[in-house]
Each structure stands twice: as structure tokens, then as C-alpha cells.
Amino acid sequence: MKKTSSVVDLLLLLLAINVLATPAFSDLVLSKVERRIDVTSQIARVTKTLKVVNSGSESVSEFTLTFPKFLGNNLAYLTVSHSEGKGKAKRFLANLSVKEAHAKGTPDSISFYSVSLPKPLSKGDTLTLEVVAAFTNVLQPFPEKITQRDIHLVMLQESAQYLSPYVVESQSLSIKLPNARIESYTKLENSKVQGSEIKYGPYKNLAQYSYAPIVVHFESKAAFAVAEKLVREIEVSHWGNVQVTEHYNLVHRGAQLKGEFSRLEYQDRPNPQGVSAFRHLLARLPPRAHSIYYRDDIGNISTSQMQSDSKKTELLIEPRFPLFGGWKTFFTIGYGLPLSDFLFASEGKRFLDISFGSPMIDLVTEKLIVQVVLPEGSKDISVTTPFDVKQSHEIKYSHLDIAGRPVVVLEKNNVVPDHNQNIQVYYKFSNINLLSEPLMLITGFFVLFITCIIYTRADFSISKSSAAYLAKLQWDEVLATLQEVQNIIQKCLAAHDKLEASLRDLSRTGDIQTCKAARKSTDSFLKDLSKELRPLLASLQSFPSASQISPKVEELVAKEKELQEKLMAKHTTVVEGYEKKSSGRDIENRIASQQQKIVALRQEVDDLVEFIDEI
Amino acid sequence: MAATPIASPIPVAMYPTLSVVTLAIGLVITAFFFIYEATSSRKNRSLGKELAAAAVASVFLGFGSLFLLLASGVYV
């Protein structure tokens, strides 16, 4: 304790000197100040209720808030609001704007913040201000190095009297500790311990810049988890997903581990040791989070549990080893969120409405980088944040990108869970841009097909005059001619079928004229086809390599012709029979022999076609 | 004007089904294309037919592979 008290002494001295040099502030008086300091976690959360009275004659529109410098330097979060009413009827009104203000001639050991009041406070008026401030790094581990067996003790320095540039009429302070195990605390008049709470005051009629240093030394079991650097990447896809990826560089900022770590003692069942270490971290993710993963450079870390309901998703992750003071770990968690929960349209613009900070509970982030990756083609990007952040823009190249995706990079140091407020990223985006990705894929496939088409058409032979090459060329032509012959034969056979169909129609309807017309058209069609066939046959005969095939083809053509003739003859007979009004049986008898030949011929033709097909 | 939530143009739950269907159609047409390329002789191959098959197949394969990416969690 010697060391701390000397620090405090020095501070007191400095303050005493500085107080003399302080210029007079306005005539405001704090009629009642209630301070509550919560140190149950690693963050010191201070809430103050200040009742301000204007005792001067001029109206005042600015209020000055002060903290000792050693606290002010570690201030992570500060909001001031004003309230009306008392007790349960208390209503919090608008947040007031606060800015750091260091006027000339004010002491260096005090941090000043200037609060603009909602309306100027005229003579005799009162106003109640609610101040919430969060400090990091103010709980100093003491001793600074402990062994695995030791408990974790920390120390808090504050002032029992409210440090203010105004006169304070009545002031009280209560400090809420994590448990009742208190090593020591500065005993002043009117100080008492109630369980895990220490109370100072009330103190009456304090002068300006009153300062009564106190030190509280107590046990803390809270996880002193600090992310030295946290990169949150939020990627928006208009195909229905918001992907969040968080890279943590975590360190335990409590008392450092002295000596060696024994896993055996750590896991000893009846008396487990290592209470200063933490093994779990709890992340409270938004509801409907899916595809959650937890990994590091080695790969997946399997020690995580997830619970979800309609309001939240809780992810309990366990690093690969328990973290003792000074130990570090690195890991990545990622999760997908449904698009419609976070993306909205308003006045022709779209905006992403998403939480700024880490979802980890009671985590302090020293350097937080939030990268919001918007879809390719987003324009007019603007960001609104409830607090100041450093902003910059980047381009990221990802899947199926040409111009790259615009990235909004937000940076903030010393982030506490109080900063987990929603930020809005506004941008313009046209749904037409969505089609660029499928179009790119389609083009890719089409290029592949075109390559195939070109390949099959290209001639890759080196020697254009070799015998084998020429033979191949000729054979190609033979095949082409054969295919054409085949096509024509198929057409002929189709025409035959048509003719037969016309005969069947005739027997059903007795309409001779239609049948004759069909015959006529088929006749001319078949004639055309045979005309087309002639040059093909001639060219086929001219190829030496086709000497084996051409007789077969000729046979096929001849048979087809015969079939054609027989069919015509049958057709004529039937039509004549109908014209002479012969009976159905009579006609059938007359064509019976023709029909047999036709069937036989058709069979032969089909066989030949099949043979040629196989070449 | 009140903010309205924006959803994806096609429900996310549909992606697996869509990807299977469109990829199946695309692959069938691709098969037809390659069979045609391999069986028709160089002289009487029709460029129009080839291009038509290629275009239709690439549209189906393009959308199919997009839906496959989305269904497997690669949100492009």
C-alpha cells in the first residue's frame, strides 16, 4: 500500500497547487450530487446525478464537467442527459452535446468537458443532469504479478468528494464491488461498508475543487478480456445475407501470471486453482444468426456452444487454453444474418442499420476497425454514428467483382460495450446491378462453348499435303454426303407415311379430292428429292474411299424408288376403286399382293438405312 | 417516409432447389451440345444450332452456378 499512497499524495499536492490557479467559473451551485461507481466488471462505470442551481444573476448555458486527469485519460464513454421528476417518475430527456474543453489557465491534472444545457439556466432555476461515464484501465491489478494460486486483487483510485469547479452543497458516493472481499479501503469520516458496497458521505458544503483521494483494494473475478485489435467485417449481399466476420486479438489485462502454469493444478477437482484466468467468453449475437463459425489459424475450434431463441443468439466460446494475466490469443468468429433484419429502404436510399461494437459481453476493445463492405455498384455512401469515429474508404475485391466493392472503414479506439449502438450506412444501389454476377457466369460458360465450336472447326494438322490428311478430308466429305443422303431418304419415308395416312383418311371420309391433292403434292415433293439425290450419288461414286459404301447406297436408293412406285400403284388402285365405288373388300383384295411387297420393301429399306447409320 | 426492410429478390430458402433444377436443365442442354459436336460431320454442322444450344445452356448453367454458390453460403 505504500506505493499507492505516495502516488495519491503527489496527486493531492498537485491538485492543491492547481486549485489556486483556477479561474472563477460561473455562479452555478451543485445542490446535490449522487455518484455511483460500478466496478463489478473490468470497466469502471460511473453514473452521477447532479442537481444544478444557478445562484448568480446571469443566465448560464454551459456546464463544465471535470474528472481527475488519470481518470479522464481513460475515459471511454460519456453521455450527459437531463431528467425531470424523481424516483420512479423520473424521465430521461434528450442527450446533451459534450465536448472536451480545456480552457487556458485551468490545471493540467484535471480533464474538462463542456456540456451545453438544453436551455439557458436563468437565475434561481434548477436542472438535473444524469452523467454516465465508462473508464477502462482504471482498475489497476495490485499486486501486478501473481501466481496461479493467488486471487486477483485490483485497486481503484477516486475522490470521495466530487471534483468540480462549482461549489457542492451535498455529495455522496457509493462504490459497488464484485463481492464482499475487500482488502482495504480508505477510511474517512462518514464512510461505511455494506456487504459489497462502500459508501462515502454525505459531505456537506464542499468548496470548489475539493478532493479527498480514496483507494479501494478488492478482489475481482471479472474477465479482464481486452481486444488489442478487433477487425469487424460486415459484408452486405443483396442476394439475402449480411456476413459478419470478426478477428480478435485478445489479451488478459489483469495481473500477470508469475511462475509456471500447471494444468494439473488448474484442473484439480476439489480445489481448482487459477481463479484469475478466464476460460469462456460469451457473445450475444443478433437473433436468426446462422452459419456461425469459430476458428483460428490452426483451424476450427470445437469448444463452443450455441443457444438461440427469438430474441437473441448466444454463443459461448472457449479459447484453446485458459487465459491468464498477460496471455494472448487470436481467433475469428463469423456469422450470417438475414438481410431483411438489417437492410432498409428510405427515401430512395438504402441503409444498413447494424450494431457498431463487438457482441462479446464486457469486452474492452482498444482498437476497433469496422469495415462495411457494400455491394459492387453502391453510390453516394454516407455514415451516421451516435459518436465520433474516424472514417475512410477502401475498395475490396471479392467473388465475381470487376470494379471492386466500396468499403467504409470506421475506426475507434477504446471501445466499451456502451458503444454497442447502431450505426447507419446509407447508400444508393440499383437492383439491375444484381444481374452483373449471373451475367458474368453466363459469359464465362458461353466463352467455353464458343471455344468448343471453334475447336471443332479448326484444322490442327501440321502437314496439309500428307496422304493420311487428304484421305481424312475425303472421308469427312463422304460422311457428309452420306448424311445428306440419309436425310433425303428419311424425308422420302416420311412422305410415304403421309401418303398412307391420306389413304386411311380416304377410307374414313371418302373424300377423293383431298386424297388426290395429297398425292399430287407428295409426287412433286418426291420428285424434288430424287433430283437432289442424283448429284450426291454421283459425288459419292467419285470418291475412291467410298467404293465399299456406294453400292449399298445405290441399292438403298433403288429399293426406295421401287417402294415409291409400288406405293403409287397402290394409291392409284385404291383411288380408282373409290371412284368406281367398288366395295371395301374388293379394293382390299386388289391391293393385297401390292401391300405384301410394300411391307417387304420397307423392311429392306429400313435395314439398309440402319447399315448406313452405323458407318 | 418509414423505412421498409429489403429482402433478397428470390427467397433464400429457394436457392438449393433452384440450383438443382437449373443446373440439371443446363447440363442436359450441354450434353446435347457436345453430342451434336461429336456426331455431326464437319460439313453439315449448323452454326445456328450450335450457338442456340450454347446460349441456352450457358444461361441455365450461369444461373445454376450462381444459385449453387448462394445455396452453399458464398454470398457473391
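In the predicted model, helices H6 and H7 of chain A run roughly antiparallel to each other, because the angle at which they pack, about 165 degrees, lies over the 145 degrees that marks this class. Helix H6 covers residues 467-509 of chain A and helix H7 covers residues 512-542 of chain A, and their axes are 10 Å apart. The crossing of H6(A) and H7(A) is left-handed, and the residues of this contact comprise 16 nonpolar, 5 polar and 6 charged.

In chain B, the UniProt record, an unreviewed entry, lists residues 20-39 and 51-75 under "transmembrane region". The span of residues 20-39 of chain B is 100% helix and 0% strand, with its end C-alpha atoms 28 Å apart, whereas residues 51-75 of chain B are 84% helix and 0% strand, with end C-alpha atoms lying 31 Å apart. Helix H2 of chain B, formed by residues 47-71, has 25 residues and should therefore span 36 Å at 1.5 Å a residue, a value with which the 35 Å between its end C-alpha atoms agrees. Just after H2(B), a positive phi of about 95 degrees is taken by B:Gly73.

The contact between the two chains draws 36 residues from chain A and 31 residues from chain B. On the side of chain B that touches chain A, two or more residues are given by each of strand E1 (4-5), helix H1 (15-39) and helix H2 of chain B, and the largest share, 12 residues, comes from H2(B). By residue class, this side of chain B divides into 19 nonpolar, 8 polar and 4 charged residues.

Key:
Residues numbered from 1 in each chain as written. Chains lettered and ligands numbered in written order. Predicted model: local features only at pLDDT ≥ 70, side-chain atom pairs only at ≥ 80, totals over all residues. Axes fitted to C-alpha atoms, helices over the stretch in contact; angles between N-to-C directions. Helix = DSSP H or I, 4+ residues; strand = E, 2+ residues; numbered from the N terminus. Parallel < 35°, antiparallel > 145°, perpendicular 65-115°, else oblique. Left-handed = near helix turned anticlockwise from the far one by under 90°. Nonpolar A, V, L, I, M, F, W, Y, C, P; charged D, E, K, R; others polar. Expected span 1.5 Å × (residues − 1). UniProt positions renumbered as here; feature names shortened; annotations may be inferred. Contact = placed C-beta atoms within 7 Å.
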